[in-house]
Every structure is written in structure tokens, then in C-alpha cells.
Amino acid sequence: MITLICAVLLLAAGYLLYGKLTERVFRPDGRPTPATSHPDGVDYIPMKTWRIFLIQLLNIAGTGPIFGALLGAVFGPVVFLWIVFGSILGGAVHDYMSGMISVRMNGASISEIVGACLGPAAKQVMRVFSVILLVLLGAVFTTSPAALIARLTPDWMNTGFWVVVILIYYLLATLLPIDKLIGKLYPVFGAVLLMMAVGIIVGLVAGGYQLPELSLTNLHPEGRPVWPFMFITVACGAISGFHGTQSPMMARCLTSEKDGRKIFYGAMISESVIALVWAAAGVAFYGATGGLNAALTELGQSGVVYDISVSLLGVFGGALAIVGVVVCPISSGDTAFRSARLTIADWFGIDQASLSKRLAVTLPLLAAGAALTQVDFNIVWRYFSWSNQTLAMITLWAAAMYLVRHGAKPWHSLLCALPATFMSGVTSTYILMAEEGLRLSRAIAYPVGIGFAAVCAAAYLYQTRRQTQRSL
């Protein structure tokens, strides 16, 4: 219990202190935002700060901080360190910078931001990469809630039935103006998501469960190494490239740059609290990492969530928790497809004020997502996890170069460059070792991964020096 309390306090301190530092480095001001300078009634719509915060939280949360945290907890309480410091030093900085740079670039999608900061070649790669990632995520966040709802409904309402229902909802949420379905429903469900986390903790304490305390020992039952696997497994609770695709969507609704820390940095910190709760709940409920791992193998992530929620909170509380777990992936799935639509629209310059043009972009995206729902969930999730963290790495490098090119002192850009270097090592090492990658030994993957991170850091320092010389 002490570890969990300290972790939450550290996250709060991170928001107040490191979040403030991040804000000072970026230097928000009173200039007009895209939502106030040219609202279009579809995507560029001014909204209140509290509403944008709750929408952003629902957008970025999904099942990531729940499923990912449960899978990460199999490594043991060491996962708490990654969730806390990964969020403060990496994830929240990533989300803030991607959102605020988008505000400065007229609500540009993440691929356009990367292109402006890292060059035309990077832009083309990121356009393709981000659309693929978003469709993958849309598929993941279709199958996982569909499987969970199917457990609670009559047999004829099976997973396939709910997949179709969810895809129909995605069509509406992707096409309609953002202040309709998303703007009205998300604040309510954002509150449910937070209430669910509180309810789980209360249930654990009231039930006398022993919450895990901090240990640096790797407790993974199968001996899977912490580096790099834990840092890929726990994405949304610590740092996630998907968030960089969502922040620009909210950047189009922001009415003041000075609210950016509350929305972008704050939503990431809040998501990390949710991840902490579920990581602690997984180990405490099943007694040890071995028990949690066995439950995940037997029941799957959705089954474990159902098991914990109903057992801890009873019928009413369990229903509340299940609603939160069903709603949050759907709320990320629809905005994943919406972000994919906006990315393609930015790519080809398609006017999104026209319903027919929005429909022409959306239908192929949903068709691709529907096809991916037929692929095994665990396979899709593994590829999504690596792609997700790779996108985060690229976004952080782009943010570092943005700061350098817009007058920030070189050491200020380290705010982004240091986590970018770390994630360069994580993602490269993972794809060298993973089953879906090259399956190389640690003896090869570790030095090559570290070498790749060093090369990226050297390239950044070279570009920083060139930019400094131009400014003299």
C-alpha cells in the first residue's frame, strides 16, 4: 500500500513540477488557437477546458492502462517505476509536446508535425506508419470490448454481433462533428473511468488484499527479461505513440495555449494513476505474479478484468467497472479511426467540411479494421505495442528538433531528446529479440539496440550544433 501511495504522490508532484518545467520550455502564449481563428463546425470546434481534458483522457486511455498494466504487472512491482517515471519524464512530455506543436501548426496531424521537424522523407514514412498504427489500434479496440460485452449478454449476441455494432458506432463517431457524440458522451464516461479505478482500490483495501510493495526483482514466471519487454508491454500507462495521434485532435478544440498542461500533461498523469491501480490489483487479487500470469493465460485480459471487477465490487460495482472497461476501449477505437481520417485528409488535402468526402475516407478505414478483427487478438496486440512505442520514439525526436529550431536552448531540448534516446534503445532491442521480430539473442540484441540509440543521439547532437551555428 505504501508503494502505491508514494507512486501516486510522485505522479502528482511530476505534474506540478516537471509539467511546469515542460510548459516553460515550450512557452505557451496568448496567440489565437486554430479553434478560435477558423472553426469549421466539424473538427475545429472550441470547447471548455474540463471537457477537452475528459475527452483527451478517454481518447488516450482505452484498454492500454488496464490490459497493459496487468501484463506488465507479471514482471512484478518493478513495473511501478516504469509507470511513474516513464509517464513524468517521457509520456506526459510526449503528449504535451505533440498537442502544443499541433496547436502552433494549425492542428496538424502527427505525421505532418514529424515531417516539418525531421524532413519530407520522415513525413512520408510517418503518414503510412501512423495510419497503419491507428487502424491496428481500431481493430484491437473493437475485438476487446466486443469479447467483454459478449460475456454479459445472451448467447446469440456473440463477439461477432458486437463487433458489427461497435463498427457502426465508429462510423457515426468518425463522421459526426466532434462536439456531438464524442463531446457529449466522453465527459460522462471519463468520470466513470476514474470512479472505476477508485472503486477497485477501495475493494482491495476493504477485502484485506495485500498490495504489492516495491521490488527491483524480475518476477516474470517465464523469465522474460524486463529490458526491453516490460517497456513495450506497458505503453499507455507510461508512454504511448498513439497519444501523439490523439493530441492533435484536441489541439483543434483548445481555446488557449495556456490550458495545454492541464489537458495534455494532466491527462497522461491521470492515465498513469489508472495503470498503477490495475497493476496493483492484478498482483494483489491473484496473490503473486505467477497467479496473475496463469489467469491471463486462461481467461485473457478481458476475463481477468471481469473476474477482478465482479469479485471486488459486487453486482452494482462490478457493472460500473465493466462499463468503464467496455467504454474506454471503444472511446479510443472511434478516435483512432477519426484520427486516421484526419491524417489522410491532411496528407491529400481533402476538405473535411463535406460529409461525402469524410465518408469516402472513412469507409475504407473501417473495412480494413473489420478485416483485422479476424486476426488473433494477441498477435495484433504485439505488433501494435511495438509500432506504438516506435511512434512515440519518432515523435519525441521530432519534438526535440522543434524546440531547437524555435529558439529553445540546446539543454532545454534534452527534455525530449533524453526519453527519445531511451525509447530508441527500447524499440530497436525489442524488435531484434521478440517472437514477431528477428528472435536474436540478448548477446546480439542488447549491444545493437544500445548502438542504435547512440547513433540517434549523435545525429540529434549534430543537427543541434548545425542549428546553433545557423543562429549565430
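How far apart are the end C-alpha atoms of helix H5 (residues 79-104)? They are 35 Å apart, which agrees with the 38 Å that its 26 residues should span at 1.5 Å a residue. The expected span is 1.5 Å times one less than the number of residues. Helices are DSSP runs of H or I with at least four residues, numbered from the N terminus.

This is a predicted model: local features need pLDDT of at least 70, side-chain atom pairs count only at pLDDT 80 or more, and totals for chains, interfaces and linings use all residues. Residues are numbered from 1 along each chain as its sequence is written, and side-chain values use heavy atoms, leaving out hydrogens and water.

**Helix H5**
- H5 bends by about 60 degrees at serine 87. The bend is the angle between axes fitted to the seven residues ending there and the seven starting there.
- Of the 26 residues of H5, 22 are buried, so the helix is largely enclosed by the rest of the structure. Buried means under 20% relative accessible area, exposed over 50%, and partly exposed in between (1.4 Å probe, protein chains only).
- Asparagine 106 follows H5 and has a positive phi, near 65 degrees.

**Salt bridges**
- The structure holds twelve salt bridges. Each is a side-chain nitrogen of Lys or Arg within 4 Å of a carboxyl oxygen of Asp or Glu.
- Arginine 104 pairs with glutamate 257, with the closest N and O atoms 2.6 Å apart. The pair links distant parts of the chain, 153 residues apart: arginine 104 lies in H5, glutamate 257 in the loop between helix H11 (241-251) and helix H12 (260-286).
- Arginine 104 is partly exposed at 23%, whereas glutamate 257 is buried at 1%.
- Asp29, Arg31, Arg104 and Glu257 form a salt-bridge network.
- Arginine 127 meets glutamate 112 at 3.0 Å, N to O. Arginine 127 is buried at 8%; glutamate 112 is buried at 13%.
- Lysine 262 bridges to aspartate 259 at 3.7 Å. Lysine 262 is partly exposed at 44%, while aspartate 259 is buried at 14%.

**Cysteines**
- The disulfide count is zero, the rule being a pair of cysteine sulfur atoms within 2.5 Å.
- The sulfur of cysteine 117 is 10.0 Å from the closest cysteine sulfur, in cysteine 416, which is too far for a bond.
- For cysteine 456, the nearest cysteine sulfur is that of cysteine 416, 15 Å away.
- Cysteine 117 is buried at 3%, and cysteine 456 is buried at 16%.

**Glutamine 467**
- Glutamine 467 sits in helix H17 (residues 442-471) and is buried at 16%.
- Leaving aside neighbours within four places in sequence, glutamine 467 contacts Val404 and Arg405. Contact means heavy atoms within 4.5 Å.

Key: Helices (H or I, at least four residues) and strands (E, at least two) are DSSP runs, numbered from the N terminus.
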